[in-house]
Amino acid sequence: MWCRALDMTTVSSGVASPCINICRMHAATGWCEGCARTIAEIAAWSKLDDADKRSVLALLPARREVLVTHGINSAVPPDSLQR
């Protein structure tokens with residue numbers, strides 16, 4: 001779980017990390033199969049201000065849709081799964 005080690009969000013931040021502890025990079029897209037961020041975004045997360053974190057978060061829904069088309073169902077946010 002090396003991605004999580006790079007993604008140490010400070011307690012003072014108001015924007016939570018999108019990490020879901022599924023840390024595998026998808027070769028075709030370069031995005032994490034769990035959170036849909038790039039390595040650069042994961043590595044920089046703890047240094048980003050809240051506005052920049054929200055900018056990254058805004059990119060994730062479209063990326064998750066692409067990952068799902070590649071058969072990566074871990075990219076579907078847990079709260080959107082039907083039970």
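How many aromatic pairs does the structure hold? The structure holds 0 of them; rings of Phe, Tyr and Trp (its six-membered ring) would pair with centres within 6.5 Å.

1. **Basis.** This is a predicted model, in which local features need pLDDT of at least 70, side-chain atom pairs count only at pLDDT 80 or more, and totals for chains, interfaces and linings use all residues. Residues are numbered from 1 along each chain as its sequence is written, and side-chain values use heavy atoms, with hydrogens and water left out.

2. **Layout.** The chain has 3 helices and 0 strands. Its elements run α-α-α from the N terminus on. Both kinds of element are DSSP runs: helices are H or I with at least four residues, strands are E with at least two, and numbering starts at the N terminus.

3. **Burial and surface.** The chain has 83 residues, and 34% of them count as buried. Buried means under 20% relative accessible area, exposed means over 50%, and partly exposed lies in between (1.4 Å probe, protein chains only).

4. **Core.** Trp 31, Ala 36, Leu 60, Leu 67, Ile 72 and Ala 75 form the largest nonpolar core, with 6 residues. Such a core is a set of buried Ala, Val, Leu, Ile, Met, Phe, Trp, Tyr and Cys residues joined through side-chain atoms within 4.5 Å. Leaving aside neighbours within four places in sequence, Ala 75 is in contact (heavy atoms within 4.5 Å) with Glu 33, Gly 34, Arg 64 and Leu 67.

5. **His 26.** Where is His 26 found? His 26 is in the loop between α1 (2-6) and α2 (39-44). His 26 counts as buried because its relative accessibility is 10%. Neighbours within four places in sequence aside, His 26 is in contact with Trp 31, Glu 33, Leu 67, His 70 and Ile 72.

6. **Arg 37 and Trp 45.** Arg 37 lies over the face of Trp 45, 5.0 Å from the ring centre. The rule asks for NZ of Lys or CZ of Arg within 6 Å of the ring centre and within 35 degrees of the ring normal.

7. **Cysteines.** A disulfide is a pair of cysteine sulfur atoms within 2.5 Å. By this rule there are 0 disulfides. Cys 23 is in none; the nearest cysteine sulfur, that of Cys 19, is 4.2 Å away. Cys 35 is in none either; the nearest cysteine sulfur, that of Cys 32, is 3.8 Å away. Cys 23 is buried, at 13% relative accessible area. Cys 35 is buried too, at 2%.

Terms used: Phe/Tyr/Trp six-rings, centres within 6.5 Å; stacked < 30°, edge-to-face > 60°.
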